Amino acid sequence: MEMARAPNLSAQLEGFTRLPRSRQAGLVVGAAAILGIIIAVLLWSQQPSYAPLFTGLESKEAGEVAQVLEQEGIPYEVDSGAGRIDIPASDVHQTRIKLAAQGLPSGGYDGFEIMKQNEGFGVSQFMEQARYQRALEGELARSIMSMGTVEQARVHLAMPKDSVFIRDRKEPKASIVVHVGSGGSFSDEQVQAVTNLVASAIPALEADKVSVVNQSGELLSGRERDPEAAEDERQFNYVRRLERAYASRIENILQPVVGRDGVRAQVTAEVDFTETERTQELFNPDTAAVRSRQESRSTQRDGDAAGVPGSLSNEPPGAATAPEEVNPGEGGNGNGDSGQVVREDSTVNYELDRTITHSSTPAGALKRLSVAVVVDHEQTTNEAGEEVTVPRDEAEVQRIESLVRDAVGFDPGRGDSVNVVSASFAPGDDPTRVPWWEQPWVWDIAKQVVGAALVIFLILGVLRPVLRNLAQPPSHEPSEEEEDEAMAELERQKAQMQEELEREIQVADYETNLQTAKTLAQQDPKRVAQVVKSWIGSEE
């Protein structure tokens with residue numbers, strides 16, 4: 001077989017040498033280009049797919065991460081404009097773990113680790129205080145950036161020097177700049193949380209001395225808000241938290257029964273934010289009791305002196321007329337004692353049973369609950385062994401409804417309502433599951449397949465036809481007689497073409513002379529007439 005290939009190769013070389021020089025140069029350039037394309041395709045197919053390791057890195061952070069990647073021997077690509085570092089997709093998770101163990105990326109801010117740096121001897125107290133303040137600012141910025149909606153944060157502290165004189169003391173202040181991600185928001189509760197966080201970390205720093213600004217330059221702290229709007233927002237958030245708590249309670253109790261993704265619950269709560277106070281006092285006359293009793297008795301005779309002491313009271317009384325009869329008991333005791341008056345007084349105090357009730361209804365009382373629960377159909381296997389979904393029977397739906405009623409504290413007196421429905425859920429995508437066509441190994445295999453296909457096409461579709469044409473010998477070798485006849489035919493055609501060319505030249509000369517004669521006749525007709533006469537005389 002090797003002997004068969006040798007004549008073929010020699011025929012290709014012979015065919016290549018018979019070609020003109022320009023065509024040989026074109027073939028050489030084309031072959032070199034095809035070879036370069038094949039090498040580039042092979043390198044591209046062997047190159048792994050890259051995925052972002054980190055994005056939004058500062059130049060310092062990117063340099064630190066790149067240095068570690070070089071030490072680990074991991075290939076990487078840096079996009080300085082976006083602050084992104086890409087590495088092979090198969091090494092992303094493992095590399096992140098290694099970098100996290102080394103504290104990278106540091107978030108762009110140095111914390112108390114800078115206090116471990118050895119600055120040498122001769123460092124002033126001012127420099128030490130500045131390093132401590134910078135470390136404290138970095139730690140606070142890291143804490144603020146740990147919030148979900150904050151991408152970047154900067155903290156500036158104004159910490160005056162302590163003074164022994166009270167009138168010279170100044171209060172510390174703080175300024176915070178937060179960069180909220182696109183689509184995110186920084187609520188007033190988060191602003192208050194950040195303010196209290198920073199105020200609690202700095203001694204003698206009051207919360208009202210902390211200013212919070214977002215990336216748009218909008219002041220977030222210390223804003224004057226409408227009290228009614230703030231109260232409405234507070235009530236709205238309270239209702240939403242209450243509804244989420246009830247819905248979470250329902251899902252937690254039903255998930256073990258119908259599956260993690262087999263239940264959806266929504267709760268609508270009607271809350272009364274009216275605050276009322278009432279005081280009630282009740283008396284029970286049937287349980288009266290004697291609290292105190294007071295009795296007095298006095299006796300007075302007519303002959304006894306009476307009145308105010310003085311001269312008038314000491315004068316004898318005037319003449320009196322005695323009645324003929326004296327009734328017993330009138331003015332006496334019935335035994336003949338006349339002129340005697342007896343008086344008796346009695347005072348009794350009763351203690352009644354009194355009940356005082358003071359009731360206060362706080363704001364946020366639950367008035368009514370409306371609960372809607374949807375459970376997925378039951379998964380079962382049919383006779384053919386296929387998994388199908390069938391509606392849940394009425395008894396099971398009733399049991400689920402009973403569980404929901406007990407979970408939310410159903411109260412028919414409030415007008416609560418619970419509705420449980422069994423329905424087939426539409427298949428949804430798992431957010432944690434990556435489609436197979438987005439897997440890194442799929443793209444690696446696809447690149448290798450495409451590269452191999454291109455190489456095969458270039459070899460079989462381009463190089464092979466060219467080499468085959470070069471290896472083919474001429475279809476017919478002419479003999480000597482045929483060559484002589486061809487040469488004679490060429491000479492004949494050459495002579496014929498030369499005759500035709502001379503005839504065309506003569507015609508062209510005749511036309512030129514005629515045009516010249518016409519021009520001379522127009523310019524000098526007398527001279528032309530003399531020439532014509534001379535021609536006629538010479539012919540005679």
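**Chatting through a predicted model**

User: Let's start with Pro-88. Which strand is Pro-88 found in?
Analyst: Pro-88 sits in strand S3, which covers residues 84-88. Keep in mind that this is a predicted model.

User: Got it. Is Pro-88 buried or exposed?
Analyst: Pro-88 has a relative accessible area of 5%, and buried means under 20%, so Pro-88 counts as buried.

User: And how many residues apart along the chain are Pro-88 and Ala-51?
Analyst: They are 37 residues apart along the chain, while their C-alpha atoms are separated by 6.0 Å.

User: Nice. Which residues of H5 are buried?
Analyst: The buried set is Arg-131, Gln-133, Ala-135, Leu-136, Glu-137, Gly-138, Leu-140, Ala-141 and Ile-144.

User: What do those buried residues pack against?
Analyst: They pack against strand S4 (150-158), strand S5 (173-180) and helix H6 (188-201).

User: Now H7 and H8. At what angle do they pack?
Analyst: Helix H7 (residues 227-258) and helix H8 (residues 394-408) pack at about 145°, and their axes are 9 Å apart. The crossing of H7 past H8 is right-handed.

User: Which residues meet there?
Analyst: From H7 you have Tyr-246, Arg-249, Ile-250, Ile-253, Leu-254 and Val-258, and they meet Ile-400, Leu-403, Val-404, Ala-407 and Val-408 of H8. That contact divides into 10 nonpolar residues, no polar ones and 1 charged.

User: There's a sheet too, I think. What's the strand order?
Analyst: The order is S7-S10-S13, in an open sheet of 3 strands with mixed pairing. Strand S7 (263-272) and strand S13 (417-423) are the edge strands, each pairing on one side only. From one strand to the next, the twist averages 10°.

User: How do S10 and S13 run, parallel or antiparallel?
Analyst: Strand S10 (residues 365-376) and S13 run parallel, joined by 7 bridges. As one of the bridge pairs, Val-375 has Ser-422 of S13 as its partner.

User: Back to H7 and H8, then. Which strands do they touch?
Analyst: H7 packs on the sheet, touching S7 and S10, and its direction makes about 150° with that of S7. H8 also packs on the sheet, touching S10 and S13, with its direction at about 140° to that of S13.

How values were computed. Residues are numbered from 1 along each chain as its sequence is written. This is a predicted model: local features need pLDDT of at least 70, side-chain atom pairs count only at pLDDT 80 or more; totals for chains, interfaces and linings use all residues. Side-chain values use heavy atoms; hydrogens and water are left out. Buried means under 20% relative accessible area, exposed over 50%, partly exposed in between (1.4 Å probe, protein chains only). Helices (H or I, at least four residues) and strands (E, at least two) are DSSP runs, numbered from the N terminus. Contact means heavy atoms within 4.5 Å. Axes are lines fitted to C-alpha atoms, for helices over the stretch in contact, and angles run from 0 to 180 degrees between N-to-C directions. A crossing is left-handed if the near helix is turned anticlockwise from the far one by less than a right angle, and right-handed if clockwise. Ala, Val, Leu, Ile, Met, Phe, Trp, Tyr, Cys and Pro count as nonpolar, Asp, Glu, Lys and Arg as charged, and the others, Gly among them, as polar. Two strands pair if DSSP finds at least two bridges between them.
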